[in-house]
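Good morning, and thank you for making time for this presentation. I would ask you to keep the structure in view while I speak.

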Amino acid sequence: MAKNKLKKILTAVTAVIFALCISYFAVLPPTAAWFYVSFYSGENKFVIGTLELEPDTYIEEADIVIPAATKLEDPEEIEFDRALHIETIEAENTGSLPARVYVEITKPANADELYYFLYSDSDYDAAADAIDPNRSTSVMDIIRTRKGQYSGLDANIITDGDATATYEALEIYNHGAPGVAADQGNYVVVPPKTKLQIHLAFWVDYNIVGETLEDTSVVDDHYSYEGVEIVFIAGLDSDGWYPVIP
Amino acid sequence: MSKSLNRFLNVLLAIFILITLALTGFVGYLHFSGLKGFAVISPSMEPEILKGDAVFIRFTEVEELQVGDIITVVSPKGDRAFTHRITRFDSKKTKVYTKGDKNQSEDPMPTDISLVAGKVAFSLPKLGYLSETIGSKVFLALLASSVAALILISSLLSLYKDRKGGKKNGKKQA
């Protein structure tokens, strides 16, 4: 009987000490640091160190439906914005450092006429400051006033009347100047403790499809692209880490 | 209870005691040697230190810190910490630049040397998951339910034994 009692006491004491030891490790403070994961395929958050950038909605594969073809380089084009398909994602940075968001688009095969531009709501104000603070601005205005991301380029995207130069500049703007390590293309900065709408504007280049510009108020959506793959990648607001090297 | 079952339970108890003794010894060593532990919750130092590992750091004098050391930096408030590798110092060794092994570039800003909590002495795999798991609300709810269930079962067993003991006495008296 005494032996059994001793065994019971020993078991209880050992269990308590064991639980205390486990508790010691269970209360270890966390150490986290700056890193990034890409957002894709069901994952709906970016994690940046101790920061968290969570999109409210996310786009995995989008069906892009565009009402009409248009011309980015045409200074007389006043219906550019009406020919856009815009995908929007809400990103929230709950951390204490600014985050940088890049985007990768995988166009369907034989969709060379499809182009895109990444921007945020704050870009409307920036364009207005550059053009006329008293008038409302458009996506065309944003593209028109935007210069190369890398300060060494400092060139406007749009060259009036020259589609070749315009789209070459757009390519550099979107993906970075070849051979320039510091230039990794366009991105959106999400400030700390901020929620931001990030937009992707898609359009079809009239020069490639060669059809007559249509009245967008009477025709149904004409250019459809199913399953356009959109990947957002977020990280520190600093140069050099993108594209992610596997 | 059969002898073989009794022996088996005794062996289990012995193993449990040994494990607990080893754990206690390890915790005691950590505590008295000045080592401080952190649970790694990000993969920025992979493959050297994996997410879910636990790192144990020891305070190191500034003069002894070198490029390549893995250090833990604590925020001024002490509420956040990160563990990265030293890439360089400023000229007076008052600031330290760090980088996660898995990151493509250095951390966005240098850290004041006074915020360096220590240098990583060693890491243990998977131990960091304990704090993540046990701290979770689901786990705590399950634990509370299990404890409540155990207490209930124990009480019921005790009650059953008391009643059985009472019946036996009743029979004897009769």
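Let me begin with a term: a residue is called buried when its relative accessible area is under 20%, and exposed when that value is over 50%. Please bear in mind throughout that this is a predicted model.

With that cut-off in hand, consider A:H199, which belongs to strand β11 of chain A, residues 194–205. Is A:H199 buried or exposed? Its relative accessible area is 9%, so A:H199 counts as buried. The side chain of A:H199 also has a polar partner: the side chain of A:D121, at 2.6 Å. Setting aside neighbours within four places in sequence, A:H199 is in contact with A:I86, A:E87 and A:T88 as well as with A:F117, A:L118, A:Y119, A:S120 and A:D121.

I turn now to a second residue of chain A. A:T137 sits in the loop that links α2 (122–131) to α3 (139–145). With a relative accessible area of 18%, A:T137 is buried. Which backbone atom lies 2.9 Å from a polar atom of the A:T137 side chain? It is the backbone oxygen of A:Y124. Beyond its neighbours within four places in sequence, A:T137 is in contact with A:Y124, A:A127 and A:A128.

Next, the sheet. There is an open sheet of 8 strands with mixed pairing, and its order is β1(A)-β1(B)-β2(B)-β7(B)-β3(B)-β4(B)-β5(B)-β6(B).

On one hand, β2(B) is joined by 4 bridges to β1 of chain B, residues 36–40, in an antiparallel arrangement. On the other, 5 bridges connect β2(B) with β7 of chain B, residues 116–124, again antiparallel. B:I57 takes part in both pairings: B:I57 is the bridge partner of B:K36, and B:V120 in β7(B) is the bridge partner of B:I57.

The antiparallel pairing of β6(B) with β5 of chain B, residues 95–99, comprises 2 bridges. In this pairing, B:T111 of β6(B) stands opposite B:V96.

Conventions:
Residues are numbered from 1 along each chain as its sequence is written. Chains are lettered from A and ligands numbered from 1 in the order in which they are written. This is a predicted model: local features need pLDDT of at least 70, side-chain atom pairs count only at pLDDT 80 or more; totals for chains, interfaces and linings use all residues. Side-chain values use heavy atoms; hydrogens and water are left out. Two strands pair if DSSP finds at least two bridges between them. Buried means under 20% relative accessible area, exposed over 50%, partly exposed in between (1.4 Å probe, protein chains only). A polar contact is a pair of N or O atoms within 3.5 Å; within protein, one must be able to donate a hydrogen and the other to accept it, and residues adjacent in sequence count only if both atoms are side-chain atoms. Contact means heavy atoms within 4.5 Å.
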